[in-house]
Amino acid sequence: MTIIRLLNIATLSITVIACQTAGPRDQLNTAPGALGAGLTIPRLDARTAEIGTPEERDLLLDVYDRSRIKLEKNPEDWDAWLRMSEAFITDARVSGNYAADQKEALRILDHVLAQPGVSKEVRGQALTLKATIELSQHRFADALELGREALRIDPYRAFNYGVMVDAYTELGRYDSAVMMCDRMVSIRPDLRSYSRISYQREVHGDIPGAMEAMDLAVKAGLGGTEETSWCLVQLGGLYERSGDLRTAEEHYRRALAERKNYPFALDALGRVHAKQGSPAQGLKEIEQAIALMPDPHFHMDLARILATTGDKEAYDEAVRNAGKALIGLAKGDEGHNHQVGLEMARFQLEFMKDLDNALANAEHEFSHRKDNNDVNTVLAAIHYAKGNMQKAAEHIALAQRTNSQDAYLMCLDGLVHVGQDKVATGRELIAASLRTDPYQEHPFIAEARTLVGR
């Protein structure tokens, strides 16, 4: 897939950059070396940003070093290649250095998969690991095919079902995702399976059930690890989207207490503090998150707060930085780039007011995953902004097929009803949406509040 007309570069006054990096990183003393079959051991950079614990970092480097030593002795030690690829995949997730780390992991995995003599077990693991990268880069159809092949090789490995859950979910094939999720948890009821159950419940409108499952995921995890901290932030997000900022803040603070400088918790905490009426504190925390990991969503959260402070210069800079980060993800080399059409459409709608390009990107996503709720929601929003109520209503209906209780979707549905002269019903939907989440942040929230007098 390609991204259609990513951004109006002249408007943003930015230059297309290479893939996003996570800041300065010191090189390990061990240099890569050429091996047989023309493959070179890639270098794993040592992070200088203090994310996680020193013990965790040392463990990751130890996995890398042990694999490197084995490969220097035997370039056909396929298990060592797999362990090395896992080190790069883990480092990408922890540090945000997706471009470089995922490039090396894919190079390793493609090398392993190209060998005719590897065992079925090795091939199955390599397929699953490659699928996780494809999912991260939003290549969902490719990930699904890799997951299917891995599942044929080993139908009893829970991780394989996790890949299928994620791929089916992103493609909007929710019934299949639920079925895979059930199989996954029956094999291994752990953090990975519980967190996926949580999301499936949220998609299907069961918010209390989603909270319960994510709480189980947290309890099944080891405190302070990246995956457990991620689950804590997701659990906080469920409460935040339900309007319970106090409980959301508690989970975000716990994630930070257990995992020092966790960027996603810092960003979420800053977002909540701004909603609670402390924008200065919120800005400080989100800026800390950006310094650790310049995720485009962090820049957008920063811009939303700055929009309320009246600091236009800082707001414009945050928007430019968000655009740069999105383009950076989309412009990876050797075909290993992220597919960010949905994210770009949202960005163009909310921050650039570029409805034509937003629609082009959203329609491109729709052509690949027409049943996905998020894709249909953004298409509904764009059509509403363009004044096409009929098309907006069609996409809302598609997004509501799973009984989603998403407050933004409900608010959008209300606005479309008002636009179709069904004012009473529209106002009821908007009011219900604001009761669910009084702190919504989206391009139409001011209009919605005005319609219901809030």
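Predicted model: local features only at pLDDT ≥ 70, side-chain atom pairs only at ≥ 80, totals over all residues.
Local features were taken at pLDDT of at least 70 and side-chain atom pairs only at pLDDT 80 or more, whereas totals for chains, interfaces and linings use all residues. Residues are numbered from 1 along each chain as its sequence is written, and side-chain values use heavy atoms, with hydrogens and water left out.

The protein chain contains 23 helices and two strands, assigned as DSSP runs (helices, H or I, at least four residues; strands, E, at least two) and numbered from the N terminus. Of its 454 residues, 55% are buried, that is, under 20% relative accessible area with a 1.4 Å probe, protein chains only. Contacts (heavy atoms within 4.5 Å) between residues at least 6 apart in sequence join residues at least 24 apart in 58% of cases.

The largest nonpolar core comprises 50 residues, a core being a set of buried Ala, Val, Leu, Ile, Met, Phe, Trp, Tyr and Cys residues joined through side-chain atoms within 4.5 Å. Val 233, Tyr 252, Leu 302 and Phe 347 have the most contacts inside this core. At least two residues are supplied by each of the helices H10 (207–220), H11 (226–240), H12 (245–258), H13 (263–275), H14 (279–292), H15 (296–309), H16 (312–330) and H17 (341–352). The largest share, seven residues, comes from H16. Apart from this core lies another, of 49 residues, among them Trp 81, Phe 88, Leu 109 and Leu 146.

Helices H13 and H15 pack at an angle of about 15°, with their axes 10 Å apart; axes are lines fitted to C-alpha atoms, for helices over the stretch in contact, and angles run from 0 to 180 degrees between N-to-C directions. H13 and H15 are therefore roughly parallel to each other (angles under 35 degrees). Their crossing is left-handed, the near helix being turned anticlockwise from the far one by less than a right angle. H13 contributes Pro 263, Phe 264, Asp 267, Gly 270, Arg 271 and Ala 274 to the contact, and H15 contributes Phe 298, Asp 301 and Ile 305. By class, these residues divide into five nonpolar, one polar and three charged (nonpolar: Ala, Val, Leu, Ile, Met, Phe, Trp, Tyr, Cys and Pro; charged: Asp, Glu, Lys and Arg; polar: the others, Gly among them).

The axes of H19 (residues 373–385) and H21 (residues 407–419) come within 11 Å and cross at roughly 30°, which makes H19 roughly parallel to H21. This crossing is left-handed. Thr 377, Ala 380, Ala 381 and Tyr 384 of H19 meet Tyr 408, Leu 409, Leu 412, Leu 415 and Val 416 of H21. The contact has eight nonpolar, one polar and no charged residues.

Methods
Parallel < 35°, antiparallel > 145°, perpendicular 65-115°, else oblique.
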